[in-house]
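Subject: Structure handover: aromatic rings

Hello,

Here is the structure I promised to pass on. Please open it and keep it in view while you read my notes.

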Amino acid sequence: MVFARNQWYVAAYGEEVGDGLLARTICGEPIVMYRTGAGEAVALADRCVHRRFPLSESNRDGDRIVCGYHGFTYDPDGTCVAVPGQARVPRTARVPAYRVVEQDSLIWVWIGDGEGDAAAIPRAPWLESPDYTTVRGMEPLAARYELLVDNLLDLSHETYLHAGYIGTPEVAQTPITTETDEEAGVVYVSRRMKDVECPPFYSESTGIEGRIDRWQDIEFHPPGFYLLHSRIAPTGVEPGPDGDDSNAFHVEVGYAIVPETETTTHDFWWVARDFALDDENVSTFLRDSNRTVVLQDVVALNKLEKVIASEPEGYQELSINIDTGGLAARRMLKRLTAR
Amino acid sequence: MVFARNQWYVAAYGEEVGDGLLARTICGEPIVMYRTGAGEAVALADRCVHRRFPLSESNRDGDRIVCGYHGFTYDPDGTCVAVPGQARVPRTARVPAYRVVEQDSLIWVWIGDGEGDAAAIPRAPWLESPDYTTVRGMEPLAARYELLVDNLLDLSHETYLHAGYIGTPEVAQTPITTETDEEAGVVYVSRRMKDVECPPFYSESTGIEGRIDRWQDIEFHPPGFYLLHSRIAPTGVEPGPDGDDSNAFHVEVGYAIVPETETTTHDFWWVARDFALDDENVSTFLRDSNRTVVLQDVVALNKLEKVIASEPEGYQELSINIDTGGLAARRMLKRLTAR
Amino acid sequence: MVFARNQWYVAAYGEEVGDGLLARTICGEPIVMYRTGAGEAVALADRCVHRRFPLSESNRDGDRIVCGYHGFTYDPDGTCVAVPGQARVPRTARVPAYRVVEQDSLIWVWIGDGEGDAAAIPRAPWLESPDYTTVRGMEPLAARYELLVDNLLDLSHETYLHAGYIGTPEVAQTPITTETDEEAGVVYVSRRMKDVECPPFYSESTGIEGRIDRWQDIEFHPPGFYLLHSRIAPTGVEPGPDGDDSNAFHVEVGYAIVPETETTTHDFWWVARDFALDDENVSTFLRDSNRTVVLQDVVALNKLEKVIASEPEGYQELSINIDTGGLAARRMLKRLTAR
């Protein structure tokens, strides 16, 4: 399998990990997650060392997991502490433990060798900020994660695939600027639209009735962390000279694009807003709308995955200006994967 | 994939191609079909040049197709005339267009290089003749097309698989004559039965009550065009010395056996008759009966395909006299495929 | 495919083979079974010699099978005696016939070359003994048969997978003794528990209310015949000096573990008891309970099969004392398969 290893990946939302045993495959590696009595998130290889039974199909005994097949018992660090029929536990009986960092309400795991550098994990402070309200979810995608990276780095598809939600004609018409920071490993794609139609996604949530200025500033951290800083304001409203932009609406859309297998992906998505913080109707509207948008992508990309599976070797695509960001991302992913 | 290329294939019935975007895979090639405002049938490769999105999942704008993912827009000849975010359309932006011939109410496409010779397309004049009434349909077959060629070139199976519809004991008992015209590329198989039982398919449609003379004259044009000239008459009724045969009943059964993939097939079938032209009951009866017969074949051949998928390499069949036509067809198909 | 050939396999229970045509694949070989008018069980290759149509989808004509596709007709010994359209039957027209032995209510077939030695078939006399009452069934397993061999040769899993039915803590805690008779080709695994909890499976069927002595004496005859001689008695009740053990309860559990394909298995199981012979409630209870236990294994092993399919090459298991019997069985199976 060809994944970018020695990388941090989002494995779950913090609230998904609790008393139960959560199974999730990341980059082809089956992982079981749970939370200890002290509240620490644990991630272990999801295979008993004995006969490979999934530990996620097993039972907890306090902070330990007892394999559901023959009772091999594991500590949170993966050490096997008991086996059936004998007192001695073999020295080598241990399942790999993944390093876990819980930050910004996300459970990150290190896929690769060694420990990983927690400081290298990109941040999404809005997810836990009192100044923002967030809705979120995760949809399974039956397509390789690269297709979702392509999709999100070129938002001109909003016009065609997401008309009636976030797409308007101006998205596809407006040129983009792309910038790549090779050293930091970030791709920036920006589209700033002036005096354009306001799509329902933003008119209904913000209450703006007329035309808008609409900024889409993308920040992509390979292999799969995607931030869309979206600014919406009535046309002509500009940030103040002191940087104050409180007359505009800010929506921080984010995705964690996480390979499950070579051809399936975990599509984590969230929408954080700095307005109508306590308005449950706005939360419901944004959750439902964004989930619909995500599922429109899922349907399209699942089709593309089937197309790829049936197409002849050496099929050639044609790329244009809108693809600059996606192609930059592909180059970075290729380097990460080749390592 | 191993298909006979540089051949004409039936891709649709004329009435299937209209305002909508019809997707159909022929010999492994995904095709989208529609009809222009002027009434011309169009067949294009069903993949956008940009990111391979199926054009059949897209929208029409007049005679053009607008890709449902990013809006690449195509003329009926496959030329891309608009792309998002920029005025210039890349010169190479073009999807392959298939040459289409609409004839005898069938949509033929040329699968291969160059243009193809329309004069080489075999005819089925009954389908549009005022002297015939036709019922027809198409069933998807989850089996390689060669199995349907085998099936149709040896009608002795009617006795066992289609008893109660078109099969009687005499079909399997009566020997056949086979003739192969290598130059024209046609296989002829003929079985002429005298003074035999009339199966329900013919007794109910013609009204004949006693025993019959029954002719089955097959004409197979590789790779997949099959005509069965069926003549039914009360026993002893012969064509006149001037060739007049108006005291007999004639049924022109036909099949277009069209590979979808290596292991799936489009099974187009029709039944044209020169009697009871306006009798809707006869039409309904023949449509229902023939569809049932086709589905009996589909069930049997789908099973055989699974058998083939699970059998060891080098499995050997045993052939007898009834297989002479099928074996001749196989030899021709092998030559066409090897080219 | 890698099966142990030149072996006897259970293909069916005697009562499954009758007037109908029973299809079953054994070691990848498709077989059709039926019973002649004289009562003899017949097993033939389930493929017509002509175009490989399954004979099991065909019809009987007395003791013969008439192929449902073109009418090739076979005697119970596999000889083709009639073909359509010609009087002469090709000399080579014959489907392989399997040697069948019906014994202890089981239909055994010889998979391999030559005739096989019927005396080598292991016995299960309880199945037809008037001193025992038997319940039984067969469940399809979507896992390789080796996983079921592993499972049954190490019963410590009862504690974890079958708690509430046959599992108690003492099963996993009690050490086993293992013995291998290389010459006879039998693996023996024995666990004798004294003064232990009585699981519901035995307390409800025998009526014992207190603690028990519980013996599990396994006898495994590769490739797939498994006998579990189970003895349950109130604690302290021993067999008499003359061998009389009529104060104990005896349950003869058995399995025929029969490969269907490389990754699917026929899981035949039975439970024979020497008590409450006519008590229909006990029969129902044991049938339902054991089927539940078998299905718990099926669910677990189907999961393991999927795990194996997705795991990297060269995956390493860790074995401990409880696996001694299973590892001995694997070594024997490896030798049988290598032949």
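Predicted model: local features only at pLDDT ≥ 70, side-chain atom pairs only at ≥ 80, totals over all residues.

How many aromatic pairs does the structure hold over all chains? The count is 24. A pair of aromatic rings is described by the distance of the centres and the angle of the planes.

Start in chain A. The ring centres of A:Phe249 and A:Phe275 are 5.0 Å apart. Their planes stand at 90°, over the 60 degrees needed, so this pair is edge-to-face. Where do the two residues lie in the chain? A:Phe249 is in strand E16 (residues 249–261). A:Phe275 is in the loop between strand E17 (264–273) and helix H5 (280–310). The pair links distant parts of the chain, 26 residues apart. Both A:Phe249 and A:Phe275 are buried.

Now turn to chain C. The rings of C:Phe249 and C:Phe275 have centres 5.0 Å apart and planes at 90°, so they also form an edge-to-face pair. C:Phe249 belongs to strand E16 of chain C, and C:Phe275 to the loop between strand E17 and helix H5, so the pair ties together parts 26 residues apart in sequence. C:Phe249 is buried, and so is C:Phe275.

Back in chain A, look for a cluster. Ring pairs join A:Trp108, A:Phe225 and A:Trp270.

Last, chain B. Which charged end sits over the ring of B:Trp215, 3.8 Å from its centre? That of B:Arg192. B:Arg231 also lies over the face of B:Trp215, at 4.4 Å from the ring centre.

Best wishes

How values were computed. Residues numbered from 1 in each chain as written. Chains lettered and ligands numbered in written order. Heavy atoms only, no water. Phe/Tyr/Trp six-rings, centres within 6.5 Å; stacked < 30°, edge-to-face > 60°. Helix = DSSP H or I, 4+ residues; strand = E, 2+ residues; numbered from the N terminus. Buried < 20%, exposed > 50% of the residue type's maximum accessible area, 1.4 Å probe, protein only. Lys NZ or Arg CZ within 6 Å of the ring centre and 35° of its normal.
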